[in-house]
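Hi everyone, thanks for coming. Let me put the structure up on the screen, and then we can walk through it together.

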Amino acid sequence: MTDEYRQLLNLLRSSEAAGTVVRDIERLSRGIDNVKIVHVCGTHEHTISRFGIRLILPKNVKLIAGPGCPVCITPASEIDAVIELALSGVAVLTFGDMLRVPGSELSLFQARSRGADVRVVYSFLDAIKVARSEPSREFVFFAIGFETTAATVAPYIALGKVPENLSLFVSHRLIPPAMEFMSLLRHGADAYIAPGHVSTIIGCKPYEVFPKVYRQSVVIAGFEPLDVLLAVKTILDLTKRGDVKLVNEYSRAVRYEGNVLALKYMYRVFEVVDGAWRGIGVIPQSKLCLRSEYRRYDAVERYGISIRRGIDVRPGCRCGDVIVGRAVPTDCPYFAKVCTPNNPLGPCMVSMEGTCRIWYQFERTRGGEVSERERATEYLYNSSS
Ligand code: SF4
């Protein structure tokens, strides 16, 4: 860790700064109606839950988790198709988070126990290396994730670095269309905290529609607790003044134009199409698929895969509601009873970016509210290094 970065972290974790921001939030929240702030990022939910940020916010300020977990929103139909491929003898490479996510009947993990060759990789580059090391075997990379991940895949395709024995099952989704979907919901958002890592790629421009068209502020934020608190403070400040704006609070990582080179590769390789989101349905212009000149890498074409209708949400599971912020995990009758990280019934209980999984770890014990508050206070006021 460089000295400069250590200094920045110290500043971000300064108890004095946190105390000031919490007091500002208290002051700004007085005399305003309920404010619903939606974030669309599993990492933000992790920070919020881990540090008990909801517990130190005034009662009229609600922080709501939206569709921000990439494995949670990957439709069962696409998982089913990849499982079918794996069971037919093609080796599947994917991220570890995806392994235990239930498809309609099986997860990739269960398919593996039935003899399918399913392997975990940490990046697309890893997948390329695996495929190169076994040239006589056919591999498919199950490409999930948002803009941040798609940007790491595209350059290898554009630059012709993908070996012939490797193809992709593309399930990448885009965040701004999901936010627009949330904006159209009746229970929707008053304002958004936009995900820092996606924003490093896409920049600020795609969020401009929210203040202009939907009259919703958007604050791009990082992942330290103070980043989230500052975003809340900024939103309350704007609300108090009757203003709506796009604010980049994460300027240490996000530029207005985003990562121009990454975007160039991404849109050279992928085109934007309508796409289904698990628990939500089809969101217009929200999915990436390979452009015709790169279709030779498309596993769907290579293996003639047909995507059939899948079972996204099991009866009783509230994943659909949790994903769009209409319910919290503890509203689900299965939460922490029959649905646990070891036995996930729905996709939100699998990944550390899934809201149910995060709540299982940090917010499960309602009786623990006092200790959560103590933990948050301790962190915010005493951790100065
Ligand atoms: S607790 Fe399990 S079953 Fe309930 S909403 Fe969450 S993932 Fe779905």
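Before the first stop, one convention on angles: the axes are lines fitted to C-alpha atoms, for helices over the stretch in contact, and the angles run from 0 to 180 degrees between N-to-C directions. Please also keep in mind that this is a predicted model.

Helix H3, residues 42–50, and helix H17, residues 355–362, have axes that come within 10 Å and cross at roughly 20°. Angles under 35 degrees count as roughly parallel, so H3 is roughly parallel to H17. The handedness of the H3 and H17 crossing is right-handed. On the H3 side the contact uses Glu45, His46, Ser49 and Arg50, and on the H17 side Thr355, Ile358, Trp359 and Phe362. Sorted by class, this contact of H3 with H17 contains 3 nonpolar, 3 polar and 2 charged residues.

Phe362 sits in helix H17. If we set aside the neighbours within four places in sequence, Phe362 is in contact with Ser49 and Arg50. For a sense of distance, take Tyr294: this residue is 68 residues from Phe362 along the chain, and their C-alpha atoms are separated by 43 Å.

Now for the sheet. Here we have an open sheet of 5 strands, with parallel pairing and the order E2-E1-E7-E8-E9. At the edges are strand E2 (61–65) and strand E9 (246–248), each of which pairs on one side only. From one strand to the next, the twist averages 20°. Zooming in on one pair, strand E1 (residues 35–39) and strand E7 (residues 191–195) are joined in the parallel sense over 3 bridges, and Ile37 stands opposite Ala191 in E7. Which helix packs on the sheet? That would be H13, which touches E1, E2, E7, E8 and E9, and its direction makes about 160° with that of E8.

H13 also has a helix partner. Helix H2 (residues 15–29) and helix H13 (residues 225–240) have axes that come within 9 Å and cross at roughly 30°, so H2 is roughly parallel to H13. H2 passes H13 in a left-handed crossing. Among the residues that meet here are Val21, Ile25 and Leu28 in H2, and Leu229, Leu236 and Lys240 in H13. The class tally for the contact of H2 with H13 is 11 nonpolar, 1 polar and 4 charged residues.

Next, a hairpin. Strand E10 (residues 270–277) and strand E11 (residues 281–290) run antiparallel and are joined by 7 bridges, with Gly275 opposite Ile283 in E11. There are 3 residues between the two strands, and Gly279 in the turn has a positive phi of about 80°.

Last, positive phi values outside glycine. Arg215 has a phi near 55° and lies in the loop between helix H12 (209–214) and strand E8 (217–221). Arg215 counts as exposed, because it has 11 C-beta neighbours inside 10 Å. Ala336 also has a positive phi, of about 65°, and is found in the loop between helix H16 (319–323) and H17. Ala336 is partly exposed, with 16 other C-beta atoms within 10 Å.

Notes. Residues are numbered from 1 along each chain as its sequence is written. This is a predicted model: local features need pLDDT of at least 70, side-chain atom pairs count only at pLDDT 80 or more; totals for chains, interfaces and linings use all residues. Two strands pair if DSSP finds at least two bridges between them. Helices (H or I, at least four residues) and strands (E, at least two) are DSSP runs, numbered from the N terminus. Angles under 35 degrees count as roughly parallel, over 145 as roughly antiparallel, 65 to 115 as roughly perpendicular and the rest as oblique. A crossing is left-handed if the near helix is turned anticlockwise from the far one by less than a right angle, and right-handed if clockwise. Two residues are in contact if their C-beta atoms, placed from the backbone, lie within 7 Å. Ala, Val, Leu, Ile, Met, Phe, Trp, Tyr, Cys and Pro count as nonpolar, Asp, Glu, Lys and Arg as charged, and the others, Gly among them, as polar. A residue is buried if 20 or more other C-beta atoms lie within 10 Å of its own, exposed if 12 or fewer, and partly exposed in between; C-beta atoms are placed from the backbone.
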